[in-house]
2 protein chains.
Amino acid sequence: MNHSQLFENIVARRSFLCIGLDSETGKIPPFLSDAEDPVFEFNRRIIDATSGFAVAYKLNVAFYECNGLKGWISLKSTLDYIRKNYPGILVIADAKRGDIGNTSKLYARAFFENMSFDAITIAPYMGEDSVGPFLAYEGKWVILLALTSNKGADDFQYHNENGTRLFERVLAVSQKWGSKDNMMYVVGATRAEMLKDIRKIVPEHFLLVPGIGAQGGSLEEVAEFGMTNKCGLLVNSSRAIIFAGNSTDFDKAAAEKAAEVQAEMERHLAGRNLI
Amino acid sequence: MNHSQLFENIVARRSFLCIGLDSETGKIPPFLSDAEDPVFEFNRRIIDATSGFAVAYKLNVAFYECNGLKGWISLKSTLDYIRKNYPGILVIADAKRGDIGNTSKLYARAFFENMSFDAITIAPYMGEDSVGPFLAYEGKWVILLALTSNKGADDFQYHNENGTRLFERVLAVSQKWGSKDNMMYVVGATRAEMLKDIRKIVPEHFLLVPGIGAQGGSLEEVAEFGMTNKCGLLVNSSRAIIFAGNSTDFDKAAAEKAAEVQAEMERHLAGRNLI
């Protein structure tokens, strides 16, 4: 999937919602514990209920890796389920990997060959050769951390050399490694005021924006400062949607919450005459 | 294991060698392919042959993750084998993880509870809350990326604010998060000339130094510029040791190579009157 195809999907679905399947075992409805794979069963029902409102699902690998082998099975089953039943939807591995070139090749093989993710989040600290191997896959995406939504973003991401903050250098330098068709950037919704500066450096690239909802970011501001004439945004919501309910109709509660977010997104897309 | 205990092990073994079990399936001797778990069988024989020359083993997770579930089984079997048979040896997960606080907690659980690694490498880009959850485990270590051995290190790690380069800021700021008993730093051997500057900021912390051998770093220089009066160094060698041979006596070839490195290390330790 390239930049244009992603925009077409956004227009068709009238949504730029990415749903984060942060399906922590301790937080899924207790009645699911009898299922053979409770996490997959939870995900399957969430996906069936919400897929009409989203263009992407994001699986943060930590939530699966912490369950050992069982967790990797849940992760793979979920990915395969989306692939089979909802082929147009982008599936992101939120893995924040990154190592020396030779080693990154193996991570790329893990996520793009052994598993068929469309995109993976990567930490930029180790530079170009840690990212390159992922960009070698046609039709796949690297989503590079630029300005994250957490408090710790302040520790290093604003480190300022002659007016260029580190996250701005990451944006500027990394653009030479790929294109708007295979690179996106993570920019936290809690930093929405920075989107104006960020759009000066990456006017067209898609941004994956976490931090709406539980972390306090505002969709209104993100759309105002971050939206391009091809949308250019995937806004992620995890807990606020997937844990909207906790009883047997948790999937219905999630769908209602996803529909609300989608409706707000539709208004923003319409306001820019993109749909 | 704390700073003093690690130094005691170094003195007892007359070595500060960390052996990297970068056991790529395509590179292990072909005759092992009949084993039930060829990667584990390779590791087991390498460990049995080399454990007398090393104080630590490092398992880069990419080399296992790329084999899917089988790979995670090889990783866990190797870890458990070292734990059971060589209890004094430090085992490092070279995972370069790091996420927002809530999510890092789950990675910490994966590597420190579900698996019993002593230490994990972490990427610093997301700051304090991405590292804190790992430091909450008594007796475990965070090994934070500071100045890596690869070419891409030049892209961002030297970003310079008023004379402070990013890797120096990482060293300075992160020291407040933990102590020399639960934090180490990755400093590539290919950057040995920087060790003088680094020792001004972290005079006592252990440094994990990759890049000797295949990547071209010099043990001589690393010892000269990086060694403290408690050694303060774990120098990693991976391919040069584990792939020293490729026939049925590959383990003997690895042991010979490890013994050579250990002998050089012993000279450096003796030269500083540490043994």
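Select both chains and show their interface: 35 residue pairs, both at pLDDT 80 or more, are in polar contact between chain B and chain A. A polar contact is a pair of N or O atoms within 3.5 Å; within protein, one must be able to donate a hydrogen and the other to accept it, and residues adjacent in sequence count only if both atoms are side-chain atoms.

Now color chain B by element. Helix 5 (residues 101–114) of chain B gives the largest share of the side that touches chain A, eight residues. Helices (H or I, at least four residues) and strands (E, at least two) are DSSP runs, numbered from the N terminus. By class, that side of chain B has 27 nonpolar, 17 polar and 16 charged residues. Here Ala, Val, Leu, Ile, Met, Phe, Trp, Tyr, Cys and Pro count as nonpolar, Asp, Glu, Lys and Arg as charged, and the others, Gly among them, as polar.

A note on the model. It is predicted: local features need pLDDT of at least 70, side-chain atom pairs count only at pLDDT 80 or more, and totals for chains, interfaces and linings use all residues. Residues are numbered from 1 along each chain as its sequence is written, chains are lettered from A and ligands numbered from 1 in the order in which they are written, and side-chain values use heavy atoms, with hydrogens and water left out.

**The whole interface**

Select the contact residues: 60 from chain B and 60 from chain A. Contact means heavy atoms within 4.5 Å. The two chains bury about 4900 Å² between them, 59% of it on carbon and sulfur atoms. Buried area is the accessible area (1.4 Å probe) that two parts lose on being put together, summed over both. Pick B:Tyr125, B:Phe156 and B:His159 next; in chain B they lose the most area to chain A, together 20% of what that side buries.

Chain B and chain A share four salt bridges. A salt bridge is a side-chain nitrogen of Lys or Arg within 4 Å of a carboxyl oxygen of Asp or Glu. Zoom to one of them: A:Lys96 with B:Asp99, 2.8 Å from N to O.

**Strand 3 of chain A**

Eight of its eight residues are buried, so the strand is largely enclosed by the rest of the structure. Buried means under 20% relative accessible area, exposed over 50%, partly exposed in between (1.4 Å probe, protein chains only).

Show its neighbors. Strand 2 of chain A pairs with strand 3 in the parallel sense over five bridges; A:Leu59 has A:Ala93 as bridge partner. Two strands pair if DSSP finds at least two bridges between them. Strand 4 (residues 119–122) of chain A also runs parallel to strand 3, over three bridges, with A:Arg97 partnered by A:Ile122.

**Strand 1 of chain A**

Move to strand 1 (residues 17–20) of chain A. Both faces are covered: A:Leu17 and A:Ile19 on one side, A:Cys18 and A:Gly20 on the other. Three bridges join strand 1 to the parallel strand 2 (residues 56–60), where A:Cys18 meets A:Ala56. Strand 10 (residues 233–237) pairs parallel with strand 1, also over three bridges; A:Leu17 stands opposite A:Val235.

In strand 10, click A:Ser237. A:Ser237 is buried at 4% relative accessibility. Its contacts include A:Leu17 and A:Ile212.

**Last stop: B:Gln215**

Find B:Gln215 in the loop between strand 9 (206–209) and helix 10 (219–226) of chain B. Is B:Gln215 buried or partly exposed? B:Gln215 is partly exposed, at 29% relative accessible area. Among the residues B:Gln215 touches are A:Ile100 and B:Arg239.

Key
Lists of a residue's contacts leave out its neighbours within four places in sequence.
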